[in-house]
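Here is a short briefing for a first look at a protein chain. Keep the structure in view while reading.

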Amino acid sequence: MGYGGAAAGPAARRDRPTYSAPVIDLDAIVAIDVHTHVHVSTRGDSFPEDSPEAAVGKVFGSDALMSVPALAAFYRERKMACVAFMVDSVRWGAPVSNEEILELAVAENDTLIPFASVDPNRGAEAVTIAKRLIADFDVRGFKFHPSLQHFFPDDRLAYPLYEVIAEAGLPAVFHTGQTAVGSGQRGGGGILMKYSNPVHLDEVAADFPDMPIIMAHPSVPWQDEALSIAVHKPQVYIDLSGWSPKYFPPQLVRYANSLLKEKVLFGTDYPALTPERWLRDFETLDIKPEVRPLILKDNAARLLGLSPA
């Protein structure tokens, strides 16, 4: 099993051996989905049967689970770009390695922006893995899922890994709030939501002010905590993935329209939601016309260091 990572922007990046940065034509796309999952390996691996994520195919349908090439084709057809990743877990493993995603993403760099994931519970090995991935691939960011990986983001266990990410100038996305992983399974599949309270990112943001942090999802039931941190810490963003916009809390909509209009990002958590469903429901929100393009594309393009063609 291999593991991998990603980068924030040209100014912060070092030279990469043979991998080129995304060549996304910003004028040709309508949106950047900052949160999608790769669940299928082109090499035939699959989730362990007892994994909480093994039920993903049953919930969303196996046709919705995609490999890197399939996911890129799906978003290319919709004139969108997407950030894609797997979630590394010491306990559960994953059907797709970081290396596979990063290698296949090279041929899809007009559409797909690859992030990596390393479970902090790997300890010193996590640091070694992250350094190797950053050195060997064009990693564009890192993904963490505290509830699945069973760690509090402000646990010093993870700090050496954050140091590597921050030094490379890369963003880190953290799952926050309720999760569908393990939902309905006996004991919730052993998944604990307490790890994903966004308040545990406040100290991380203070200690790593140069590491952009994306709090993934409306942080149910801790939306106010997430909004407070995003307002207070300049490098903290919120992605709107995993929930239909029609269920967004009113205060999230108000902040997206005002104080956080340049720090809120379009995301679906595909296959949890399709882009069509998310965008259709987004149209019903009372979002100012000048704010809509910021949320759908401009904020992510700036955060990810993407330049117009």
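Helices (H or I, at least four residues) and strands (E, at least two) are DSSP runs, numbered from the N terminus. This is a predicted model, where local features need pLDDT of at least 70, side-chain atom pairs count only at pLDDT 80 or more, and totals for chains, interfaces and linings use all residues. Residues are numbered from 1 along each chain as its sequence is written, and side-chain values use heavy atoms, with hydrogens and water left out.

**Overview**

- The protein chain has 11 helices and eight strands.
- Of its 309 residues, 61% count as buried. Buried means under 20% relative accessible area, exposed over 50%, and partly exposed in between (1.4 Å probe, protein chains only).
- Take the contacts between residues at least 6 apart in sequence: 82% of them join residues at least 24 apart. Contact means heavy atoms within 4.5 Å.

**The five-stranded sheet**

- Five strands form an open sheet in the order β4-β5-β6-β7-β8, with parallel pairing. Two strands pair if DSSP finds at least two bridges between them.
- β4 (142–144) and β8 (264–265) are the edge strands, and each pairs on one side only.
- Strands β4 and β5 pair in the parallel sense over three bridges. Phenylalanine 144 has phenylalanine 174 of β5 as its bridge partner.
- Strand β5 (residues 172–175) also pairs with β6 in the parallel sense, over four bridges. Here phenylalanine 174 has methionine 215 of β6 as its bridge partner, and alanine 172 stands opposite isoleucine 213.
- Helix α8 (residues 223–232) packs on the sheet and touches β6 and β7 (236–239). The direction of α8 makes about 140° with that of β7. Axes are lines fitted to C-alpha atoms, for helices over the stretch in contact, and angles run from 0 to 180 degrees between N-to-C directions.
- In a regular strand the side chains alternate between the two faces of the sheet. In β5, Ala172 and Phe174 point one way, Val173 and His175 point the other way, and all are buried.

**Helix α6 and what follows**

- Helix α6 (residues 159–167) has Tyr159, Leu161, Tyr162, Val164 and Ile165 as its buried residues. Their cover includes α4, β4, β5 and α7.
- Glycine 169 follows α6 and has a positive phi, near 75°.
- The C-alpha atom of glycine 169 is 7.2 Å from that of aspartate 210, though the two residues are 41 apart along the chain.
- Aspartate 210 lies in the loop between α7 (202–207) and β6 (213–216). Aspartate 210 counts as exposed because its relative accessibility is 64%.

**Nonpolar cores**

- The largest nonpolar core has 72 residues, of which Leu71, Phe142, Phe144, Tyr162 and Ile295 touch the most other members. A nonpolar core is a set of buried Ala, Val, Leu, Ile, Met, Phe, Trp, Tyr and Cys residues joined through side-chain atoms within 4.5 Å.
- Helix α4 gives the most to this core, with six residues.
- A second, separate core has 20 residues, including Val34, Ala81, Ala300 and Leu303.

**Aromatic rings**

- The whole structure holds 15 aromatic pairs. Rings of Phe, Tyr and Trp (its six-membered ring) pair if their centres lie within 6.5 Å; planes under 30 degrees apart count as stacked, over 60 as edge-to-face and the rest as tilted.
- Phenylalanine 85 and phenylalanine 115 form a tilted pair, at 6.4 Å centre to centre and 45° between the planes.
- Phenylalanine 85 is in strand β2 (residues 80–85) and phenylalanine 115 is in the loop between β3 (112–114) and α4 (124–136), so the pair ties together parts 30 residues apart in sequence. Both phenylalanine 85 and phenylalanine 115 are buried.
- Ring pairs also link Phe144, Phe151, Tyr159, Tyr162, Phe174 and Phe208 into a cluster.

**Backbone details in loops**

- Valine 220 and proline 221 are joined by a cis peptide bond, with omega about 5°. Proline 221 lies in the loop between β6 and α8.
- The peptide bond from tyrosine 270 to proline 271 is also cis, with omega near 15°. Proline 271 sits in the loop between β8 and α10 (275–282).
- Histidine 150 has a positive phi, near 60°, in a residue other than glycine. Histidine 150 lies in the loop between α5 (146–149) and α6.
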